[in-house]
Amino acid sequence: MPKILSADKLDNCIERWKSSGNTVIGPVRKSNISAYRPVEKASEFELDIVLPDLSIKELFFPQTEPILKYAIRKQAIDTTEFLPPSGKRIVFGARPCDASGVAIDDPLFGWDYRDEYWFQRRNETVIVSIACVKADDFCMCTSLNLAPDSTMGSDILLRPINGGKGWLVEEITDRGRDAFASIADLLQESTESPVPPAAVPEKFNLEACVEWLKNPENFESRFWKEISVRCIGCASCTYLCPTCHCFDIQDEGDTYSGIRRKNWDSCSFALFTMHTSGHNPRSTQSARWRQRIMHKFNYFPGKFSLNKCSGCGRCSRQCPVDMGITETLQEISKLLP
Amino acid sequence: MSIEVQYRNRAKELLSNGEVKLVVGYTGGTTPERRRPVFISSAEQVDRLVLDDLCIANLSGYLVTESLLSDEKSVAVFLRPEGIRSINILAAENQLNPDQIVIFGFEPAGNTIKALDGTNALEFSEFVVSLSENPSVSDSDPVIEKLEKMSAQERFSFWQDEFSKCIKCYACRQACPMCYCRRCIVDCNQPQWINTSPHTLGNFEWNIIRAFHLAGRCVECGNCDRACPVNIPLRLINRRMAVEARESFDHFAGLSMTQEPVLASFKKDDSETFIL
Amino acid sequence: MKEHNHHSHQNIYKPAVMKIVARHDEAPGVKTMRLEFQDPADHELFRENYRTGMFGLYGIYGEGESTFCVASPETRKDYIECTFRQSGRVTSALANSDIGDLITFRGPYGNRFPIEDFYGKNLLFIAGGIALPPTRSVIWSCLDQRDKFGKVTIVYGARTVADLVYKHELEEWEKRDDVDLVLTVDPGGETPDWKNKVGFVPTVLEQAAPSPENCVAVLCGPPIMIKFTLVSLKKLGFEERNVYTTLENRMKCGVGKCGRCNVGSVYVCKEGPVFTAEEVSRMPAADL
Amino acid sequence: MSEQFEPKIVAFVCTYCTYAGADLAGTSRLKYAPNVRLVRLPCTGRISPMFILKALQKGADGVLISGCHPGDCHFTHGNYHARRRWTVFRALLDFTGIPTDRVKYSWISAAEGVKFAELINTITEDIRALGPFTQYHGLIEETQSQASL
């Protein structure tokens, strides 16, 4: 019989998970921003939202991460490696689009050279997603062949039941099963049926758009300039995106000691690709926006057979000038025969 | 005739007779309450222009986009009063030739908007002077008052909380009409004065220096504050700088296109009570 | 073609430490350094993995890392030689380092020139200015096993006589009977005692008119030179698939993660830097 | 036995006036507190606010900025510009909660060796009374520790 996790048992779950060494993380609102943050008790969660402002990405790929500490001596360089904080984590209340966003980046960070900063965290984290029953105008998972209740990247999928009193438990992976085995006695059997997932209308025909993107003739199309003319070149879309993975490596310190860090970086910035000579392969904002779209829907799928977008819609939701992937792909749809 | 229709007609006229090559305005956005910038270059497209009280963004930053004005042709732009002040500053700082800018001015009036008379920045001179004489509206902000009552340590904690959220997406800088530097100080790496890492320390440096660079230049259009994806109340810090410029140097940013930038000019008798 | 050092480091961003054992000026602003590994384990990995064409990230803690090729051939793996122009923050710091100083190296990364495929063929090397180093790595890899190849022709040009790099090796190649060396400088760049050619590389190449018969060309240089030289090679009858070149883009990670070196769908750091002219022609020109 | 706190003070001074004033204090054998480290710059106009911030971040308990009296600037008006900048920067420091009483400003001419020595003594005592500047410690620690998540 299906199992239900009742909302009033959540505190017990958190306690149980924490006592077995887990950090429990979930959507929390603090200083006027919602993000995935560690919690002590269930009341800290903010679950009744469409999705947190910041994506789950930072739990696996922090905006800034020290990699190496160096100290330079006369005839030697001492380095100490920084590792990600170790310890098991349970992310409770992730959105399915965030969970799938993380899964989309796995092949990239594992591509021949494994980025242990990513994988150590991935291996130690159980993602418990809650299927969305609310969506807003910017949600577009269904256009990416995903859904408000897709299981990609989730270890457990919870489906809300009526009245918000709990969730129907769907175990997806062994890791999820193990995490929930420890709270098996807190679950109840139930025949209650879940609230249907939110209706997210399909915004564009992805396959057709991808065909257009793949056509080399369209690389130099006027479309790119027209669609990106109002882009101001900030990085809010890329930084809020659960799948954008670009980064910079920066040294902070002096000639004697300091720290090398891995920081988020963005293809929206002109400096991102600028050579020391001054030559810039992507010297205009339209070239940079084209790169972002092409990378997400043409190049990346060509390499890893995954669309590099999970449809969370944060890019459009937060854009200072109301641009975004949805608009661009919708406009491409209009160009199709 | 509504102001929207009035301005659409004028845009159509200017575009058809070639007086302007482009109109930078607003159009509908993704949701009913959103407005987005739009670039209209032919008379047939003027119906896309929308103008109402939801049109808030200061569009003047687009005018300093590289090479937009280099062909010496004119561009029309929809501007609120703050936008007109931005044009004055950009002109005063030699970033654009104000003769190339045709202004479609409007200002909020209750729940709606009303048109402002004039087309060239010069024609708004008196209007801007009148703004400078009544700055009180923008001065009283409950959060600023609250902050000023705090101890330095408490204020530091407040900003520490706020700046710890910063992800260094530079949306504040990109959205700001006054941030037109070809190479921002944070992008300079020889030497690198500001840490580019988005840890709280680096964020403090960045936000303090940006506020400093905007002192006496910020017109409080709110572009940065609205653009910030992590909701840092940037307006507070900029407003404090504007107040300082006014109180210490009687400087109202964007008063005229010949106004000297406050930190690039001086008076021999500037107050110096704090100097030992 | 997959030759990466899988799992060589737990931390793929941790560089090896190298000592500068020799260093000299090549041309104004251009320096060559010879580097030796400090940790035998790092050296062993390099020996296993390095093939000509691969690149590395050379770094100085506190300044950062900069990407350029390994200029020494795969036939000489006791050390790494690199040649670079002092232009940005990292290369300035490198240029200011002295013999005995320690720097860092991450790599070798990327793909390589398929030298085995060149066996039995005639070789034409064309390089411009500071792009001789990657070419030189292939040249020596071939000259060190000279009997495996047919005729070897090297066409090298620079803006001025002073800008020619590896002047000693140019003399050495000049003297060899089994190498045809054509040197040129741009018009106006010659000195009174310059005895070689004056003219742009494509023109000089057309005059030299090497036969495309059973010949592979390796072409490295600034984009504009590559563009016009490709036209000349075509005129001479070379097929694009027999012309190899290298791409250079800004890189930070070198291992296909940081996202900035893409040209179209190609990750230059993982799938390059060596490409045939045919492969390059399929890339969007605007992205180069 | 508790040792007296010895504040570290960084002074950014212009070479034409205050530095010469410091020289005069030295050649006049005036004794003053050894807590100050002078950084000589061409003009007070060259003192970027970043210098002040970095000094405080890197462990200074106090900062002194000093140059020629108004009207005496070697470059005629570098110090007038600097004065405006300091006014604004002080307000900014204050508003962001960085204590303004740790950042001191003064005019000291080449002839004012005595004023220099006295000023150093006074501000050393002022800063000593304020105690060590620890406000940045938490932020520095954050930059030196592994990622929090």
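Good morning. I begin with the place where two chains meet: 11 residues of chain A are in contact with 5 residues of chain D. On the chain A side of that contact, 8 residues are nonpolar and 3 are charged, while no polar residue takes part. Please bear in mind that we are looking at a predicted model.

Let me stay with chain A and turn to its domains. The assignment gives domain 1, covering 3–189, and domain 2, covering 206–335. Taken over C-alpha atoms, the centres of these two domains of chain A are separated by 25 Å. How many residues of each domain take part in the contact between them? Domain 1 of chain A contributes 34 residues and domain 2 of chain A contributes 29. On the domain 1 side, strand β4 (64–72) and helix α2 (96–109) of chain A each supply at least two of the residues that touch domain 2. By class, that side of domain 1 of chain A consists of 21 nonpolar, 7 polar and 6 charged residues.

Chain B is also divided into two domains, with domain 1 at 3–135 and domain 2 at 137–251. Here the C-alpha centres of the two domains of chain B lie 26 Å apart. The contact between them takes 14 residues from domain 1 of chain B and 13 residues from domain 2 of chain B.

I now move to chain C and its sheet. In chain C, 7 strands form an open sheet with mixed pairing, and their order is β10-β9-β8-β7-β11-β12-β15. Why do β10 (197–198) and β15 (274–276) of chain C each have one side without a neighbour in the sheet? Both stand at the edges and have a single partner strand each, so one side of each remains without a neighbour there.

Within this sheet, consider the pair β7 and β8 of chain C. Strand β7 (residues 122–128) and strand β8 (residues 152–158) of chain C run parallel and are joined by 6 bridges. To pick out one residue pair, L124(C) has T153(C) in β8(C) as its bridge partner. In general terms, the strands of a sheet pair through backbone hydrogen bonds, in either a parallel or an antiparallel manner.

Finally, a helix is placed against these strands. Helix α6 (residues 201–208) of chain C lies across β7, β8, β9 (180–185) and β10 of chain C. Relative to β8(C), helix α6 of chain C runs at about 150°. Thank you for your attention.

Notes
Residues numbered from 1 in each chain as written. Chains lettered and ligands numbered in written order. Predicted model: local features only at pLDDT ≥ 70, side-chain atom pairs only at ≥ 80, totals over all residues. Contact = placed C-beta atoms within 7 Å. Nonpolar A, V, L, I, M, F, W, Y, C, P; charged D, E, K, R; others polar. Domains from an automatic or database assignment. Pairing = 2+ DSSP bridges. Helix = DSSP H or I, 4+ residues; strand = E, 2+ residues; numbered from the N terminus. Axes fitted to C-alpha atoms, helices over the stretch in contact; angles between N-to-C directions.
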